[in-house]
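Hello,

Here is the structure I promised to pass on to you. Please open it beside this email, and the notes below will walk you through what turned up.

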Amino acid sequence: MKDRVPGRPTCLDCGIVVDGATMLDDDTAEPHDGDVSVCAYCSAVALYLDDGEGGLLLRRPTSAEWHDLHDLPAVQRAIEAVTARRRAWG
Ligand SMILES: [Zn+2]
């Protein structure tokens with residue numbers, strides 16, 4: 001993506017402001033309300049939420065959403081990519 005994510009989407013697990021995003025299959029795509037986020041620092045899974053002011057927040061998926069998301073191949077690939085990068089960083 002070219003620009004930072006608008007607003008202050010903050011990881012609910014590690015507390016880092018996640019103001020950059022990359023989609024695995026399209027690095028020009030930008031996140032929107034309802035899209036899935038995998039934190040680049042701790043691999044927490046969250047959903048983007050419109051903050052009502054032109055920006056985005058992160059929220060935890062409901063248990064039903066988590067059930068649907070958990071086994072999605074794209075979510076698993078994102079978690080694996082973050083885990084591999086964290087290992088590479090040491
Ligand atoms: Zn995190």
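One term first: two residues are in contact if their C-beta atoms, placed from the backbone, lie within 7 Å. With that in hand, residues 24 or more positions apart account for 50% of the contacts in the chain with a separation of 6 or more. Please keep in mind that this is a predicted model.

**The overall picture**

The chain has two helices and three strands, and along the sequence they follow the pattern β-β-β-α-α. The radius of gyration is 13 Å, close to the 12 Å that the globule rule gives for 90 residues, so the chain is as compact as a globular protein of that length. Its C-alpha trace spans about 35 × 30 × 25 Å along the principal axes. Of the 90 residues, 16% count as buried.

**The sheet**

The three strands form an open sheet in the order β1-β2-β3, with antiparallel pairing. At its edges are β1 (36–38) and β3, each of which pairs on one side only. On average, neighbouring strands are turned by 45° against each other, direction ignored. Helix α2 packs on this sheet, where it touches β1 and β2, and its direction makes about 20° with that of β1.

Between β2 and β3 there are four bridges. Two pairs to look for are leucine 47 with arginine 59 and leucine 49 with leucine 57. Five residues lie between the strands in this hairpin, and glycine 52 there takes a positive phi near 80°.

In a regular strand the side chains alternate between the two faces of the sheet.

**The core**

Which residues make up the largest nonpolar core? There are 10 in all: Val18, Val38, Cys39, Val45, Ala46, Leu47, Tyr48, Leu56, Leu58 and Ala78. Both β2 (45–50) and β3 (56–59) supply at least two residues of this core, and β2 gives the most, with four.

Apart from its neighbours within four places in sequence, leucine 47 is in contact with Gly34, Val36, Ser37, Arg59, Pro61 and Glu65.

**Some single residues**

Most residues other than glycine have a negative phi, and most peptide bonds are trans. Serine 43 is not a glycine, yet its phi is positive, at about 65°. You will find serine 43 in the loop between β1 and β2. Is serine 43 buried, partly exposed or exposed? It is partly exposed, because 18 other C-beta atoms lie within 10 Å, whereas a buried residue would need 20 or more.

Arginine 4 sits in the segment before β1. With 11 other C-beta atoms within 10 Å, arginine 4 is exposed. Leaving aside neighbours within four places in sequence, arginine 4 is in contact with Asp19 and Gly20. Arginine 4 and valine 17 are 13 residues apart in sequence and 11 Å apart in space, C-alpha to C-alpha.

**The end of the chain**

Helix α2 (residues 73–89) has 17 residues and reaches 24 Å from its first C-alpha to its last, close to the 24 Å expected at 1.5 Å a residue. Just after α2 comes glycine 90, with a positive phi of about 90°.

Enjoy looking around, and do write back with any questions.

Best wishes

Methods: Residues numbered from 1 in each chain as written. Predicted model: local features only at pLDDT ≥ 70, side-chain atom pairs only at ≥ 80, totals over all residues. Expected span 1.5 Å × (residues − 1). Core = buried A, V, L, I, M, F, W, Y, C linked by C-beta atoms within 7 Å. Buried ≥ 20, exposed ≤ 12 C-beta atoms within 10 Å, placed from the backbone. Pairing = 2+ DSSP bridges. Axes fitted to C-alpha atoms, helices over the stretch in contact; angles between N-to-C directions. Rg over C-alpha atoms; globule rule 2.2 N^0.38 Å.
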